[in-house]
Amino acid sequence: MKKTLSIILTAFMALMVLSACGEQSQSDVLDSLEERMEKMTGYKAEAKMTLNTGEKPLTYDLEIWHKKPDFYRVSLKNAEKDQSQMILRNKDGVFVLTPALNKSFRFQSDWPENNSQVYLFQSLIADILNDTDRGFKSKEKSYVFHTKTNYQNKNLYQQEITLNKDLDPTQVRIMDQDQKELVRLDFSKVQFNAKFDKNSFDMESNMSSAQFEIPTFSGSDEEFEVLYPTYTSNLNLVNEREVALGDNDSKVVLNYADAEENKSFTLMQQKNTAVETASRLTLANGEPVDLGFTVGAMTEQSVTWNYNGVDYFLASNNLNQEELMAIARSVYGEAIK
């Protein structure tokens, strides 16, 4: 009887050991992630991103390309809004393209190294590796990390990153301090060590190919709807005027101020009609900025973006960049003063 019991216990312990051998610890997973980062030559990925930062959810289809060491191509499309943009980095700099308007911004920028980027694999892994207080769970088919973030939008406070057992990204959820989900990214396809054509990251080639896929915005004689920021940094609308630009074109200028605090900002809106000639603007000291509903261009004292065929320009001499971004992100949705 004792011998039989001993055999059973020995077999049980052996099974436990074998089971433990098949389960990677957090340390094992981190080591494997570092190894993948070192060995990979690049990747192609497809994903769907849902933003819950406005009145209604916005969904974008993403195509992400990366070629080591520092070439990137991120295509964002929203079919419902006919919004299509591309963030590109090559040997000439960083570009934000709006193909439907034949427009591009060019930056001398460190993007994407300066902030967390929800759609870039290496940025997600860097967030995992750099957070010593990270949370970790090993599930049946996945590994789940909970980390701090370094996004431009400080409301994006924490994130949950899910990898499958092959260490491919499957989902990212970004929450505010109250655990409310603001952004969700679901990866549908990831191909590591992918091959690229010689023009895969060329700006003109990408602009031309994107314009074949989407309708070009042609403008309209209809008046555009003026949008007002729902967040104003406690400043009040003190003046609104329409400025004629000729050829039946005009822009609307909104001025917000608080005399006691000596703070102010100006928001200009203009329907985009100039699509015949390519517009290429270089911002030596600028950065791409994620506004949630679109990607804009930020300098030390201004934010520029386009949405639904309207150009927006926000500027201030006495508000910081974080305040400007918060105001810009709130110029979306209903036209409410």
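Is Ser-233 buried or exposed? Ser-233 is buried, at 8% relative accessible area. Buried means under 20% relative accessible area, exposed means over 50%, and partly exposed is in between, with a 1.4 Å probe and protein chains only.

Some ground rules. This is a predicted model, where local features need pLDDT of at least 70, side-chain atom pairs count only at pLDDT 80 or more, and totals for chains, interfaces and linings use all residues. Residues are numbered from 1 along each chain as its sequence is written, and side-chain values use heavy atoms, with hydrogens and water left out.

Back to Ser-233. Its phi is positive, about 55 degrees, although Ser-233 is not a glycine. Where does Ser-233 lie? Look in the loop between helix H4 (203-213) and strand E12 (236-246). Helices (H or I, at least four residues) and strands (E, at least two) are DSSP runs, numbered from the N terminus.

Next, Asn-308. Asn-308 is not a glycine either, and has a positive phi of about 55 degrees. You will find Asn-308 in the loop between strand E18 (302-307) and strand E19 (310-315). Asn-308 is partly exposed, with 37% relative accessibility.

Now the peptide bonds. Which form does the bond from Lys-68 to Pro-69 take? That bond is cis, and omega is near 5 degrees. Pro-69 sits in the loop that runs between strand E2 (58-67) and strand E3 (71-78).

Then go to Trp-111. The peptide bond from Trp-111 to Pro-112 is cis, with omega near 10 degrees. Pro-112 is in the loop between strand E6 (103-107) and helix H3 (121-130).
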